[in-house]
Amino acid sequence: MLTFLVIVKPIPFIFWGATFAMFLFFGCAGDGHGLDENGNPIGADGGGLPVAFEPTFPNIQTKVFSAICIECHVGSQAPHGLRLDPENSYASLVHVRSAEQPALFRVNPGNADESYIIRKLEGGPGITGGQMPLNRPALPQDTVNAIRLWIAHGAPQN
Ligand code: HEC
């Protein structure tokens with residue numbers, strides 16, 4: 001009986017130990033919700049970048065597109081047909097080719113550096129036309145970082 005207990009008892013501990021280890025290992029993949037006390041994302045994909053707000057599409061819409069960009073990017077006169085109002089912005093951006101540089105998508109999910117919107121916002125070398133927002137103060141880098149992280153996380157709609 002004693003021998004039986006000695007053999008069987010450790011099994012649950014090994015089992016739960018392994019489960020806990022897997023949780024630690026897989027449980028904190030960067031999904032935009034793991035923020036540290038400063039509101040900065042915890043995680044490997046771009047983690048450590050200071051961000052102005054949690055990098056979700058609804059936040060970007062409210063704080064950037066609707067607040068700043070729709071002064072110009074709205075309706076049938078929107079430059080290059082890029083509409084950034086809430087009804088049209090996602091479909092205007094994600095997996096849509098840039099008119100100025102058709103080799104690039106405006107938003108290339110998973111790849112912020114290869115997303116034309118980031119180059120236009122940062123005024124990167126090789127852009128056509130002006131830095132966005134055109135003739136207005138550039139966005140703070142921590143705001144652009146939030147858009148970068150949203151793209152790095154796969155550019156989910158919600
Ligand atoms: C004052 C008007 C104005 C504002 C505000 C503005 N844009 Fe633009 N945008 C333009 C014009 C005009 C063009 C085309 C000429 C150019 O690129 O300089 C353009 C082009 C673009 C392009 C390139 C589209 C393509 O298909 O190649 C992107 C991306 C863009 N804007 C994003 C933004 C974002 C994001 C904002 C807000 C942060 C913004 N713009 C604010 C006027 C504006």
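**The nonpolar core**

Guide: This is a predicted model. Its largest nonpolar core has 26 residues, and those with the most contacts inside it are I60, I147, W150 and I151.

Visitor: Which elements give two or more residues to this core?
Guide: That would be α3 (57-65), α5 (116-122) and α6 (141-152). The largest share, seven residues, comes from α6.

Visitor: And I60, what is it in contact with, leaving aside neighbours within four places in sequence?
Guide: F65, A146, I147 and W150.

Visitor: Back to α6. Which of its residues are buried?
Guide: V144, N145, A146, I147, R148, L149, W150, I151 and A152. That's nine of the twelve residues, so α6 is largely enclosed by the rest of the structure.

Visitor: What do those buried residues pack against?
Guide: α3 and α5.

Visitor: How far apart are the end C-alpha atoms of α6?
Guide: They're 16 Å apart, which agrees with the 16 Å that twelve residues should span at 1.5 Å a residue.

Visitor: What follows α6?
Guide: G154, with a positive phi near 100°.

Visitor: Switching topic: where is I68 found?
Guide: In the loop between α3 and α4 (89-93).

Visitor: Why does I68 count as partly exposed?
Guide: Because I68 has 17 other C-beta atoms within 10 Å, and buried would take 20 or more, exposed 12 or fewer.

Visitor: How far is I68 from M132?
Guide: Their C-alpha atoms are separated by 9.9 Å, though the two residues are 64 apart along the chain.

Methods: Residues numbered from 1 in each chain as written. Predicted model: local features only at pLDDT ≥ 70, side-chain atom pairs only at ≥ 80, totals over all residues. Core = buried A, V, L, I, M, F, W, Y, C linked by C-beta atoms within 7 Å. Helix = DSSP H or I, 4+ residues; strand = E, 2+ residues; numbered from the N terminus. Contact = placed C-beta atoms within 7 Å. Expected span 1.5 Å × (residues − 1).
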